[in-house]
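Please look at the structure below before reading on.

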Amino acid sequence: MTPTTTRLTVAQALVRFLAAQYTERDGTRQRLISATWGIFGHGNVAGLGQALVEYGDEMPFHQGRNEQSMVHAAVGYARQSNRLSTHAVTTSIGPGATNLVTGAALATINHLPVLLLPGDIFATRPADPVLQQLEVPYAGDLSVNDCLRPVSRYFDRVTRPEALIPAALQAMRVLTDPVETGAVTLALPQDVQAEAYDWPEEFFAERTWVVRRPGADPTELAEAITAIRSARRPLVIAGGGVHHSRAEEALAEFAEATGVPVASTQAGKGSLRWDHPQDVGAVGHTGTATANELARQADLVIGVGTRYTDFTTASGTLFETPGVRFLNLNIAPFDGHKLSGRPLVADARSGLAELTEALGMHGHRVADAYVTEYTEDKQRWEHRVDACYEADEIDVRPTQPQVLGALDALVDESDIIINAAGSLPGDLHKLWRARSRDQYHLEYGYSCMGYEIPAAIGVKMAAPDRNVWALVGDGTYLMMPTEIVTAVQEGVAIKMLLVQNHGYASIGGLSESVGGERFGTAYRYQSDDGTYTGAPLPVDLAANAASLGMRVLRAKTVGDLREALAQARAADTPTCVYVETETADTVSGAPPAQAWWDVPVAETATRPSAVKARELYDRHVSTRRRHL
């Protein structure tokens, strides 16, 4: 019997195919691609643009203002959806396509799924070159979209209609693979998008992609149990994989049963509530004194869903105990073997449940003295947090920690805070008291300036009944405020807390510490000597946000800030709270770094600041270990 076919363009077929894809995990089924973002140009307007009009009832559409920020919005949605649902992003060829590269890198580094559909140059070469074509003398089949190859987990260029079928199926496979997921790119030549083909109806049938929860290998599990039972000072480091797996309850059960303390990376913060008895806070360069001291003395580090970035390991200087061992529970074998650790390759929730059950059979628990030690240390750290948050006067300009304290006092477990770059990530990691598993949304795998506002839109779309806060510094705001217009247009009631400190405060402080003398990091007029040390620029970011359609509340003092935050939280339209903070130069801020981070310093220099910084650098470098 001849198979039933339907004649559609490639773009129309792709939209229909995407609308029929689903994921399922733990018995819950949902759309894989729930919407498409787009900015149209000649490379996609007649193809995917027309297809989205044709099938608008099957594929919701969101209009973006910047290609990179559309990817950020899709990534925010995907993370809030536990990687089980995401958005597609379509752009034209040329600059529209290359603007995707940063967003793609962010998605892939953070293991978050997003589907990229950039237009491409003509497959049939009717004219050569065409507008926005990159001419490569040694390779006629390259286009600017090849820039997306190294930052995509899967890349294909669909140069014939029938090639869409295997390419689309492979794209879905990668998007739904908990190990491989990240940015997936299907480059679509503009002539092929509009070409008609007789498609088998089976291509448009609903498909459900089951997201696996593999358990541990029995041998690896037995070795892991032996390692934990023999450890005197074990420490769990919870990474983003705990959240991706929805393993928070399993982690809590493991920690309560064994008494093992739990520290968290930026991606893993909130794996336990801040007031859970076994939670000891953030670990690494931006961590707490409590967690980092436990890490220095740990004889077994149990990494759960962590990549062990240099911030987490303090650039290889944090884990000081001679003979310290690593047990790495991770669904990705690549991460399971890091730091020459003992791998436990499994889904985080499955693996933790197996460990808890097996250890419970042995009645295993750490010594009471160890529990008392980290409990008392945690209490001391919380007193330091209270001191940072507290404002003795309310008629003064707040410090950045006091800004966070005002927000901390207002929110409950339903609020979500989003941040990615600047000085805020360090303060948040040390100080923020996460009240729910998904309240703390920090993108620190790529730490991409400009992520916060579009990501907040994506998160709010995934969680429409919750208050979503984008915490933005002035440097980040100037990078990418354009999606404010999208929030206004679509009525996405995000909250933005815009902190003005007149420059790149984080990099300014780092520059000073490594002998760079804060060069080029302040938003100020030039002085007579050519340095940017004059008066602050008369830039009104609050007025800018208002000009894009956002309601803006200005807060000059601590008291103003508290009132403005309360108004913003109650608002049902996009609302910004603008506050200018005291700088760390004049007012005490958050506690300093509790662990080192390797930023190389000039080996030879004549300026005293660089010479002194190099002496300190050499002392830190001498403590680095390679765990073999």
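This is a predicted model: local features need pLDDT of at least 70, side-chain atom pairs count only at pLDDT 80 or more; totals for chains, interfaces and linings use all residues.

Residues are numbered from 1 along each chain as its sequence is written, and side-chain values use heavy atoms, with hydrogens and water left out.

**The second largest pocket**

- The second largest pocket holds about 270 Å³ of space. A pocket is an open set of points on a 1 Å grid over the protein atoms alone, where a 1.4 Å probe fits, with protein on both sides within 12 Å along at least five of seven lines.
- Its lining has 13 residues, and R246, E248, E249, S271 and R437 lie nearest the centre. A lining residue has an atom within 4 Å of a point.
- By class, this lining has six charged, four polar and three nonpolar residues. Asp, Glu, Lys and Arg count as charged.
- Helix α10 (residues 248-258) gives the most to the lining, with four residues. Helices are DSSP runs of H or I with at least four residues, and strands are runs of E with at least two.

**The three-stranded sheet**

- Three strands form an open sheet in the order β3-β2-β11, with mixed pairing. Strands pair if DSSP finds at least two bridges between them.
- The edge strands, β3 (28-31) and β11 (207-210), each pair on one side only.
- Strand β2 (residues 21-25) pairs with β11 in the parallel sense over four bridges. E24 has V210 in β11 as its bridge partner.

Definitions and conventions. Grid points are joined across faces, edges and corners, and a volume is the space filled by probe spheres set on the points.
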